[in-house]
Every structure is written in C-alpha cells, then in structure tokens.
Amino acid sequence: MRSTSSVGATLNRWKPARAPAVLLGFAAIFLASASTAFAHNVTEGDKGYILEITGIHIVPFLYLGAKHMVTGYDHLLFLFGVVFFLYRMQHVALYVSLFALGHSMTMLLGVYLNWNVNAYVIDAIIGLSVVYKALDNLGAYQRWFGFQPDTKAATLIFGLFHGLGLATKVLEYDVAPDGLLVNLIAFNVGVEIGQIIALAMILIAMGYWRKTESFWKHAYTANVVMMSLGFMLIGYQLTGYFVA
C-alpha cells in the first residue's frame with residue numbers, strides 16, 4: 001500500500017487532468033438525482049409497508065438495509081475515497097471493517113435508544129467525511145499542517161457519524177417496537193450485504209482503471225471531483241438546516 005505522503009507528493013507534481021468518463025458519469029448521476037437523493041428520504045412505498053407491519057420481519061429489513069446502502073451516494077463516495085489508494089485486500093478489509101464497526105454501533109444504538117439527531121446536521125458531517133478523505137488522498141494535511149492524521153481512527157470516527165445518518169433514516173420508518181431489536185439487526189446485516197455488493201463493484205472498476213495509464217494521470221482530478229461533491233452535499237444540507 002502506498003503511503004499517503006508518497007501519494008500526496010506524487011499528486012502535488014501533477015496538473016489537474018480531465019476526469020475519466022466513469023467519474024464524470026458518476027458526478028452527473030449525483031447532480032441529476034439531487035431532488036430525491038439529496039433529501040435522502042425513505043420512499044413512500046417502503047415507509048407505508050413498514051407502518052403496516054408488526055413483529056419480526058427479517059427479509060424485508062434485510063432488503064431495506066441493502067437497498068439503503070447500495071443507493072446511498074454519500075456512503076459510496078466515502079467508501080470510494082477510502083479504497084482509492086488501497087491495493088491489498090487485507091488493507092481494504094481492515095478499513096472497511098472499521099467503517100462497518102462504526103456505523104453498526106451508532107445505527108443500532110441510535111434507533112434502539114431513539115436518539116433525536118438532526119438529519120441535516122448528520123448528513124452535512126457525512127459530506128464533510130467525503131471532503132476529508134479526498135483531501136487525505138491528495139496529501140493536503142501534510143502540506144498544510146506537516147502531519148498525517150491517523151487514517152484508521154478517522155475511518156472509524158466517520159463510520160460512527162455514517163451510522164447516525166442511517167439511524168435517522170430508520171427512525172423515519174417509525175418501526176413498531178414489537179420485534180424491533182431483531183428487525184434492526186436484520187437491517188444492519190442488510191446494510192453490510194449492500195456494502196459488500198457496492199464495494200465489490202467499486203473494486204472491480206478500480207482494478208480495471210488502475211491497470212490503465214490514465215489512473216495516475218486522473219487520480220488528482222478524481223479526488224478533486226469527489227471533494228467538490230462532498231462540499232455540495234455539505235452546502236445543501238446546511239441550507240436545508242437553516243431554511244427548514
């Protein structure tokens with residue numbers, strides 16, 4: 001695994017290049033879905049179904065958890081940044097496990113204890129996590145402050161905030177207390193399944209991209225685009241917080 005300092009030093013020598021088509025396509029999807037994705041709302045069909053049922057329903061909650069992660073653009077952006085310069089599977093497994101541990105803890109506790117956290121604030125912090133990781137990939141902290149933050153600790157800490165974001169969405173379902181714990185565990189397992197699916201697709205795409213000459217040519221621009229999307233998310237959520 002390349003160190004962040006060596007990666008940052010390499011990126012510092014580059015001029016921004018035109019982003020690869022796959023990244024521009026991802027950004028276009030992100031922008032085109034702003035009306036629904038930025039709101040990150042629970043769909044009316046899913047919410048209506050959950051309101052009508054009581055008791056233990058493992059399969060529906062597995063599905064909802066997987067669906068939320070696979071369609072969760074903010075979580076996927078952060079994961080994309082985390083694995084961007086990870087080449088060995090043991091490193092990928094370590095960082096993804098830390099992220100999963102963080103978001104599992106706060107998602108389960110947040111819903112079970114009914115933590116009342118403002119969704120706009122949490123989603124803005126999730127946007128900040130995307131910006132943080134993009135800057136980390138660019139080696140910005142060493143240039144600006146002369147030190148490298150602990151990337152493992154940062155991944156775990158931001159995982160805690162991502163879990164709170166998940167909790168705020170689960171609370172929108174207004175899940176019945178009957179069978180709540182089992183249903184929450186099923187939802188969390190579904191989230192992990194969705195994360196594995198999304199991560200597999202990201203790693204496959206990254207694997208092909210890394211084999212091309214364009215990877216190091218466009219790595220700087222890719223992280224700048226990711227950082228820009230993170231700032232957009234922060235701005236949108238803070239606007240929603242003050243307007244709402």
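**Cavity and helix packing**

Visitor: How many cavities of 30 Å³ or more does the structure hold?

Guide: One. Bear in mind that this is a predicted model.

Visitor: How much space lies in the largest cavity?

Guide: About 30 Å³.

Visitor: Which residues line the largest cavity?

Guide: The lining is I50, I53, T54, G55, F61, V175, A176, D178 and N183.

Visitor: And how do the residues of that lining divide by class: nonpolar, polar, charged?

Guide: Five are nonpolar, three polar and one charged.

Visitor: Switching to helices. At what angle do α5 and α11 pack?

Guide: About 40°, with the axes 6 Å apart. Helix α5 covers residues 58-70, and helix α11 covers residues 180-210. That angle makes α5 oblique to α11.

Visitor: Is the crossing of α5 and α11 left-handed or right-handed?

Guide: The α5 and α11 crossing is right-handed.

Visitor: Which residues meet there, between α5 and α11?

Guide: From α5, I58, F61, L62, L64, G65, A66, H68, M69 and V70. From α11, V182, N183, A186, F187, V189, G190, V191, I193, G194 and Q195. By class, the contact of α5 with α11 has 13 nonpolar, six polar and no charged residues.

Visitor: Next pair. How far apart are the axes of α7 and α10?

Guide: They are 6 Å apart, at an angle of about 35°. Helix α7 is residues 89-112; helix α10 is residues 151-172.

Visitor: Which hand does the crossing of α7 and α10 have?

Guide: Right-handed. The contact of α7 with α10 has 15 nonpolar, nine polar and one charged residues.

Visitor: What about α6 and α7, what angle there?

Guide: About 145°, with the axes 10 Å apart. Helix α6 runs over residues 73-83. The crossing of α6 and α7 is right-handed.

Visitor: Which residues make the contact of α6 and α7?

Guide: On α6, F78, L79, V82 and V83. On α7, V92, Y95, V96 and F99.

Visitor: How do those residues of the α6 with α7 contact divide by class?

Guide: Eight nonpolar, no polar and no charged.

Technical notes. Residues numbered from 1 in each chain as written. Predicted model: local features only at pLDDT ≥ 70, side-chain atom pairs only at ≥ 80, totals over all residues. Heavy atoms only, no water. 1 Å grid on protein atoms, 1.4 Å probe; cavity = no way out; pocket = protein on both sides within 12 Å on 5 of 7 lines; lining within 4 Å. Points joined across faces, edges and corners; volume = space filled by probe spheres on them. Nonpolar A, V, L, I, M, F, W, Y, C, P; charged D, E, K, R; others polar. Axes fitted to C-alpha atoms, helices over the stretch in contact; angles between N-to-C directions. Helix = DSSP H or I, 4+ residues; strand = E, 2+ residues; numbered from the N terminus. Parallel < 35°, antiparallel > 145°, perpendicular 65-115°, else oblique. Left-handed = near helix turned anticlockwise from the far one by under 90°. Contact = heavy atoms within 4.5 Å.
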